[in-house]
Amino acid sequence: MSRFLIFILLLATCTSFAFASDPSPLQDFCVTDPKSPVFVNGVVCKDPKGVQADDFLFRGLHLMGNTSNNVGSAVTPVTVAELPGLNTFGISMARIDFAPMGINPPHTHPRATEILTVIEGRILVGFVTSNPENRLITKVLEKGDVFVFPEGLIHFQKNLDHGYALALAALSSQNPGVITIANAVFGSNPDIPTDVLAKAFQTDINMVNQIQSKF
């Protein structure tokens, strides 16, 4: 085999890894099989002969989520967990409802870019770039505006009005994952040692204990 051919094969292999995210479908569909005992990186397909129209259907996205909570928002996800037919398609979505002045607190999606469309209301959005700049990029969105949050970066939304607000989000993964920063840092199980958090946040241990008690 020539050196040139070996180089091309290596380049193709590296490129496939560089651009890989969710696995691409190798057939028309790969509906999840929740009964399968096999654990894989993704979700096992069920026999196509047993696939029904309902496997590709999710109902209820027109219903408002319950925003009666500490942050004043509710996220209704439509990922592969809720819609089995999404498996291998590399997409998902979510409805985000906001109570007056409610927030979708700082969080990150480790496996997806998010694109958000405001349906009702006026929403402040923002994300923070990675170290060392940690630059805050923020914008006030009106009805019909669209904003994108890069994959893996911490971002948030806040309803600026005294009425309810609504947004729809699309994500570039069937299982984007979500890490809410406050919950992960102060509500981990078991707790992150208080002296670690106190030093990281440049505060005292009593303050850390007080915050942890809220999660």
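Mentor: A pocket here is an open set of points on a 1 Å grid, with protein on both sides within 12 Å along at least five of seven lines. The model is a predicted one, and its largest pocket has a volume of about 520 Å³. Among the 26 residues that line this pocket, Val-75, Asn-104, His-107, Val-178 and Thr-180 are the closest to its centre. Two or more lining residues come from each of the strands β1 (73-78), β2 (92-98), β3 (103-108) and β9 (165-171), and from the helix α2 (181-186). The largest pocket lies between domain 1 (20-175) and domain 2 (178-214), because both domains give residues to its lining.

Beyond its neighbours within four places in sequence, Thr-32 is in contact with Val-43, Val-44, Lys-46, Val-80, Pro-84 and Asn-87. Gly-72 also has its place in the loop between α1 and β1, and at 8% relative accessibility it counts as buried. The C-alpha atoms of Gly-72 and Ala-99 are 5.0 Å apart, although 27 residues separate the two in sequence. Ala-99 is one of the contacts of Gly-72 outside four places in sequence, which also include Thr-67, Asp-97, Phe-98, Gly-102 and Ile-103.

The loop between β1 and β2 holds Leu-83, a residue that counts as buried at 11% relative accessibility. Leu-83 stands 28 residues from Asp-55 in sequence, yet their C-alpha atoms are 6.7 Å apart. With residues up to four places away set aside, Leu-83 touches Asp-55, Phe-56, Leu-57, Phe-58 and Val-78. Thr-88 is placed in the loop between β1 and β2 as well; it has a positive phi of about 75° although it is not a glycine, and it is buried, with a relative accessible area of 10%. In the loop between β2 and β3, Met-101 likewise is not a glycine and has a positive phi, of about 65°. Met-101 is partly exposed, at a relative accessible area of 36%.

Two cis peptide bonds deserve mention. One runs from Asn-131 to Pro-132, with omega near 5°, and Pro-132 lies in the loop between β5 (123-128) and β6 (136-141). The other joins Asn-189 to Pro-190, with omega near 0°; Pro-190 is found in the loop between α2 and α3 (194-200).

As for the chain as a whole, its secondary structure comes to 4 helices and 10 strands, in the order α-β-β-β-β-β-β-β-β-β-β-α-α-α along the sequence. Of its 215 residues, 31% are buried. Among contacts with a separation of 6 or more, 69% join residues 24 or more positions apart. Confidence in the prediction is given by a mean pLDDT of 89, with 90% of the residues at 70 or more. Residues 4-20 stay under 50 in pLDDT, and for them the model has 2 contacts beyond four places in sequence.

Notes. Residues are numbered from 1 along each chain as its sequence is written. This is a predicted model: local features need pLDDT of at least 70, side-chain atom pairs count only at pLDDT 80 or more; totals for chains, interfaces and linings use all residues. Side-chain values use heavy atoms; hydrogens and water are left out. pLDDT is the predictor's confidence in each residue, from 0 to 100. Contact means heavy atoms within 4.5 Å. On a 1 Å grid over the protein atoms alone, a cavity is a set of points where a 1.4 Å probe fits but cannot get out, and a pocket is an open set with protein on both sides within 12 Å along at least five of seven lines; lining residues have an atom within 4 Å of a point. Grid points are joined across faces, edges and corners, and a volume is the space filled by probe spheres set on the points. Domain bounds come from an automatic or database domain assignment. Buried means under 20% relative accessible area, exposed over 50%, partly exposed in between (1.4 Å probe, protein chains only).
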